[in-house]
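Thank you all for making the time this morning. Please have the sequence and the model open while I talk.

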Amino acid sequence: MSTYTITELSREFDITPRAIRFYEDQGLLSPSREGASGRVRVYSARERTRLKLTLRGKRLGLTLSEIKSLVDMYESPRDTIAQMKHFMEVLGQHRLTLEMQREDIDVTLAEISAHEAQCRKVLDGRATKKAAVKTVSRTKSV
């Protein structure tokens, strides 16, 4: 059976060892311990898979508790239909959250565009006034 060190996993998944320890603290990973006083973490293929699923969930934007729930379900293949239904519920809720965030972003972007347009008008108006003043002063001095 393959085993991995924290350094190997952090390199493979391009994350820090600290992130892996954090996932351990959250109950997502539980490596075995070896060496003097159990200081050396040894990760099994199971732990590597759990880490991979955790990182996949993070990329989807799921919370750690949602990820833990899904990863824990993944390990108990009792009723895959119930698992799929739960996964669909989590994804549906996450979709709603993202759609609401998108609406907020669209509103904010529209406000930014309006402010930019106002600033351009003011700046264009000042530039036009300065050009007119220069033209008038040149005509007077001739």
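What you see is a predicted model, in which local features need pLDDT of at least 70 and side-chain atom pairs count only at pLDDT 80 or more, while totals for chains, interfaces and linings use all residues. Residues are numbered from 1 along each chain as its sequence is written, and side-chain values use heavy atoms, with hydrogens and water left out.

Let me begin with the sheet, which is open and built from three strands in the order β1-β3-β2, with antiparallel pairing; strands here are DSSP runs of E with at least two residues, helices are runs of H or I with at least four, and both are numbered from the N terminus. Two strands pair if DSSP finds at least two bridges between them. Because β1 (3–4) and β2 (32–34) each have a single partner strand, they stand at the edges, and one side of each is left without a neighbour in the sheet. Two bridges join β1 to β3, residues 40–44, and Thr-3 has Ser-44 of β3 as its bridge partner.

Across β1 and β3 lies helix α3, residues 45–60, running at about 80° to β3, where axes are lines fitted to C-alpha atoms, for helices over the stretch in contact, and angles run from 0 to 180 degrees between N-to-C directions; contact means heavy atoms within 4.5 Å.
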